[in-house]
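Please examine the charged and aromatic side chains of the protein shown here.

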Amino acid sequence: MFEHIEAYPGDPILTLNENFQKDPRQNKVNLSIGIYFDEDGRLPVMQAVREAEAAILNDPGPKPYLPMAGFAPYRDAVQGLVFGQQCPARAQGRIATVQTLGGSGALKVGADFIKRYFPQARVWVSDPSWENHRFIFERAGLTVNTYPYYDEATGGLRFDAMLAGIDALPRRSVVLLHACCHNPTGVDLDHAQWEQLIAVLQKRELLPFVDMAYQGFGAGLDDDAFAVRELANRGVPSLVANSFSKNFSLYGERCGGLHVICESAIEAERVLGQLTGSVRSNYSNPPTHGAKIVTRVLTTPELTLAWQSELSAMCQRIARMRLAIHDGLLEHVRGEALSRYIKQRGMFTYTGLTADQVERLREAHGVYILRSGRMCVAGLNEKNVGPVTEAIAKVLASAA
């Protein structure tokens with residue numbers, strides 16, 4: 001019956017992470033998977049999360065199925081965080097929000113929604129983008145293409161080419177955008193560039209689908225949400241996926257949301273109904289525990305402030321690691337190849353290392369980064385940043 005099924009090649013990130021676990025070397029360093037580790041190389045439990053969870057566990061109750069759309073207080077709190085409490089579209093009921101299984105679940109529900117109601121639309125993702133973006137949309141039956149984004153020569157953004165490429169797309173094309181902390185490059189648009197891009201999206205009647213997996217890891221919670229809030233303020237119909245894996249360190253709880261900005265409250269109500277239908281056909285309804293933790297933190301003022309402070313400290317630590325690896329490579333790298341470590345932001349940096357250099361880095365020095373050259377800066381700490389920098393310097397020297 002199943003002889004015709006070929007072997008799954010594996011996810012490049014998760015497979016590399018599995019290989020890291022099997023590596024017997026004591027000095028190995030994992031900078032491949034997108035996870036924030038603290039200064040001691042451990043997955044942190046944020047104090048605000050700890051207190052919220054303790055309060056929930058102290059008062060256990062029945063655990064019924066949630067509605068298909070999710071936990072109502074969670075949906076409201078998340079919508080307020082993503083779009084801002086005073087967002088006019090939010091006040092007017094023009095945003096349809098459902099709780100999802102993390103950011104990936106939001107992308108999947110959104111992809112199914114697009115396939116059903118925009119069946120001829122094609123999806124355009126940045127070149128490069130997170131590998132799973134293509135996989136999710138193609139598995140939903142959509143054709144995926146790319147638009148210009150990353151400049152390998154400068155480690156920056158090809159904004160003019162990006163804008164021109166998107167300006168030439170057919171009406172109702174779906175444009176996948178990263179709100180902040182672009183994965184995998186760490187290269188973001190500034191506010192002025194976002195405003196130019198949104199004007200083109202609106203003029204061309206394109207459908208933006210914004211993935212915001214790292215809110216708070218770039219320039220702050222509000223600044224990182226600039227693009228999605230600008231879309232809402234301009235009344236541009238859009239989809240937005242958000243995740244709490246990184247900024248709440250709740251990876252395994254699968255907490256996320258999908259939001260659709262509509263042109264009227266009546267539209268939003270209909271869209272919400274169809275989103276719940278997509279949830280029903282995928283996993284029926286989302287889980288409870290993580291959603292209650294996030295809700296308690298976002299609706300309890302003292303916990304909200306504590307969470308924001310902890311998140312800011314995490315962001316600052318990443319910035320220190322960027323500066324440390326930059327300073328450590330001063331004698332080995334010049335120009336844009338060096339400045340990218342501090343110009344790019346968020347958890348990831350495109351190092352510019354070739355696939356062969358990445359392999360030597362892993363085989364000779366036990367430093368794991370993706371074949372594309374993407375490094376998860378959030379995996380660095382005061383103990384390993386020196387050895388990692390030395391390893392990169394040696395690999396570069398051997399290639400000279």
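The paragraphs below consider salt bridges, then aromatic pairs, and then charges placed over rings.

The model is predicted. Side chains of opposite charge can pair when their charged atoms come close. In this structure there are 16 salt bridges. One of them joins E39 to R317, with 3.2 Å between the closest N and O atoms. E39 has a relative accessibility of 23% and counts as partly exposed, while R317 is buried, its relative accessible area being 5%. The value for R317 falls under the 20% limit for buried residues.

A further salt bridge is formed by D40 and K383, whose closest N and O atoms are 3.5 Å apart. D40 is located in the loop between β1 and α2, and K383 in the loop between β13 (374-376) and α16 (385-399), so this pair ties together parts that are 343 residues apart in sequence. D40 is partly exposed, at a relative accessible area of 49%, and K383 counts as exposed at 60% relative accessibility.

R90 and D76 form another salt bridge, in which the closest N and O atoms lie 3.3 Å apart. Because R90 is in helix α4 (residues 88-91) and D76 in helix α3 (residues 72-83), the pair ties together parts that are 14 residues apart in sequence. R90 counts as buried at 14% relative accessibility, whereas D76 is partly exposed with a relative accessible area of 45%.

Attention now turns to the aromatic rings. The count comes to nine aromatic pairs. Among them is the edge-to-face pair of Y150 and Y350, with 5.0 Å from centre to centre and 90 degrees between the planes. Y150 lies in strand β5 (residues 150-151) and Y350 in strand β11 (residues 348-350), so their pairing ties together parts that are 200 residues apart in sequence. Both Y150 and Y350 are buried. Elsewhere, one aromatic cluster is formed by Y74, F244, F248 and W307.

Charged side chains also meet aromatic rings. K28 lies over the face of F20, at 4.5 Å from the ring centre. K292 is placed over the face of F71, at 6.0 Å from the ring centre.

Methods. Residues are numbered from 1 along each chain as its sequence is written. This is a predicted model: local features need pLDDT of at least 70, side-chain atom pairs count only at pLDDT 80 or more; totals for chains, interfaces and linings use all residues. Side-chain values use heavy atoms; hydrogens and water are left out. A salt bridge is a side-chain nitrogen of Lys or Arg within 4 Å of a carboxyl oxygen of Asp or Glu. Buried means under 20% relative accessible area, exposed over 50%, partly exposed in between (1.4 Å probe, protein chains only). Helices (H or I, at least four residues) and strands (E, at least two) are DSSP runs, numbered from the N terminus. Rings of Phe, Tyr and Trp (its six-membered ring) pair if their centres lie within 6.5 Å; planes under 30 degrees apart count as stacked, over 60 as edge-to-face and the rest as tilted. A charge sits over a ring if NZ of Lys or CZ of Arg is within 6 Å of the ring centre and within 35 degrees of the ring normal.
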